[in-house]
Protein chains: 2
Amino acid sequence: MTEWFETTETTEEAIMAATYRALRAHGYAGTTISRIGEEFEKSQSLLYYHYDDKDDLLADFLSYLLDRLEADLRATTVTEPRERLEALLDKLAPVDPDVERRQFFQALLEMRAQTPHQPVYREQFERSDALIVDDITATIEAGIEEGVFETVAAEQTAEYIYSTLYGALDRCVTLGQWDSLAQTRRELDRYIETRLLTVEASE
Amino acid sequence: MTEWFETTETTEEAIMAATYRALRAHGYAGTTISRIGEEFEKSQSLLYYHYDDKDDLLADFLSYLLDRLEADLRATTVTEPRERLEALLDKLAPVDPDVERRQFFQALLEMRAQTPHQPVYREQFERSDALIVDDITATIEAGIEEGVFETVAAEQTAEYIYSTLYGALDRCVTLGQWDSLAQTRRELDRYIETRLLTVEASE
């Protein structure tokens, strides 16, 4: 995700990049509009012109990330179902993320824990989960169509795969034990082999 | 868990019951020592005598819950590996919890999102994850020993099963979509059948 914020051509991109840096540096609870302003390269008045408060800005930030993820998924050139599924898992839960990315995951997770109290965040995370589950579902359906995946309930399987990945990532972030993500990922790959791949595709 | 707090014989139990009620009513962020005091049946000065601040009290509360879970797991009379595994999954992530329990899971999750900033919580959640993963691992090892489970890497499988369950529960709590827990649980049961149960045990 870091690379998304390397070039900031528009004011919106510059605000989003500053938000990203503030979240990484201060976490969700410690991020304020004023701290985002400190990371902002342009005039701070621009920031206050666009946003009333932190929640407003962070909801927009989540929406921006999701637009990027959506565009990213659409642009994926991998069409072979199994490869596409693996590429998606790698993108969503990289097994050995760098420190910056870990800090960012942590801030996202804190925002997510706020969803029951913050409808503006909740909408965005609902969209995020739906986007990801839909993409996994479509990939599984394509695999069934092509005869490389068994005829499983595609959406149920997608919910399951995403919950596993999400749970592993969440546990790593909250306890800082990144080894368990690799373990879970290995076992998820075995699940895909044994439950999803047809005998012909496994050979 | 509700039933744990129905009888409160000691002062400690009364404090824990008050904490449980305050967390359910106000969530983690809204819970203060004074609000726990409002739920406390005895003199509030007793509360301030025992605890300096909210984090101190909540860390003790987590520790108390874990002691109960540990005693509960030890007291489980089910020894048949597959049944024991299913009973454990039911206990950790009940598919259709009541509103009280949902509110409580929400408060726990918010506390968990604080772990990177709160070492006193982190210790407790580390203990909780280790306790659960160890119990699942021991159950899988017993199943392999008895010939009802395939010879899998027990700890890796346990990490995987717990991550799946935890992720599904977390997603339900944060988005309020409890249907997805039932879907993931059905697929987890299929995983246990196809990847874990030996052919003999499946028949």
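Biologist: Does A:Arg112 count as buried or exposed, and what is its relative accessibility?

Modeller: Buried means under 20% relative accessible area, exposed over 50%, and partly exposed in between, with a 1.4 Å probe and protein chains only. A:Arg112 counts as buried because its relative accessibility is 3%. This is a predicted model, in which local features need pLDDT of at least 70 and side-chain atom pairs count only at pLDDT 80 or more, while totals for chains, interfaces and linings use all residues. Residues are numbered from 1 along each chain as its sequence is written, chains are lettered from A in the order in which they are written, and side-chain values use heavy atoms, with hydrogens and water left out.

Biologist: Where does A:Arg112 lie, and which residues does A:Arg112 touch?

Modeller: Helices are DSSP runs (H or I, at least four residues) numbered from the N terminus. A:Arg112 belongs to helix α6 of chain A, residues 99-113. Contact means heavy atoms within 4.5 Å. Leaving aside residues up to four places away in sequence, A:Arg112 touches A:Phe125, A:Asp129, A:Tyr162 and A:Tyr166, together with B:Asp170, B:Arg171, B:Thr174 and B:Leu175.

Biologist: How many residues of chain A and chain B are in contact, and what area do the chains bury between them?

Modeller: The contact joins 42 residues of chain A to 41 residues of chain B. Buried area is the accessible area (1.4 Å probe) that two parts lose on being put together, summed over both. For chain A and chain B this is about 3700 Å², with 48% of it on carbon and sulfur atoms.

Biologist: How many salt bridges are there between chain B and chain A?

Modeller: A salt bridge is a side-chain nitrogen of Lys or Arg within 4 Å of a carboxyl oxygen of Asp or Glu. Between chain B and chain A the count is six. One salt bridge pairs the side chains of A:Arg171 and B:Glu159, at 2.9 Å from N to O. On the side of chain B that touches chain A, α8(B) gives the most, with 16 residues.

Definitions and conventions: Helix = DSSP H or I, 4+ residues; strand = E, 2+ residues; numbered from the N terminus.
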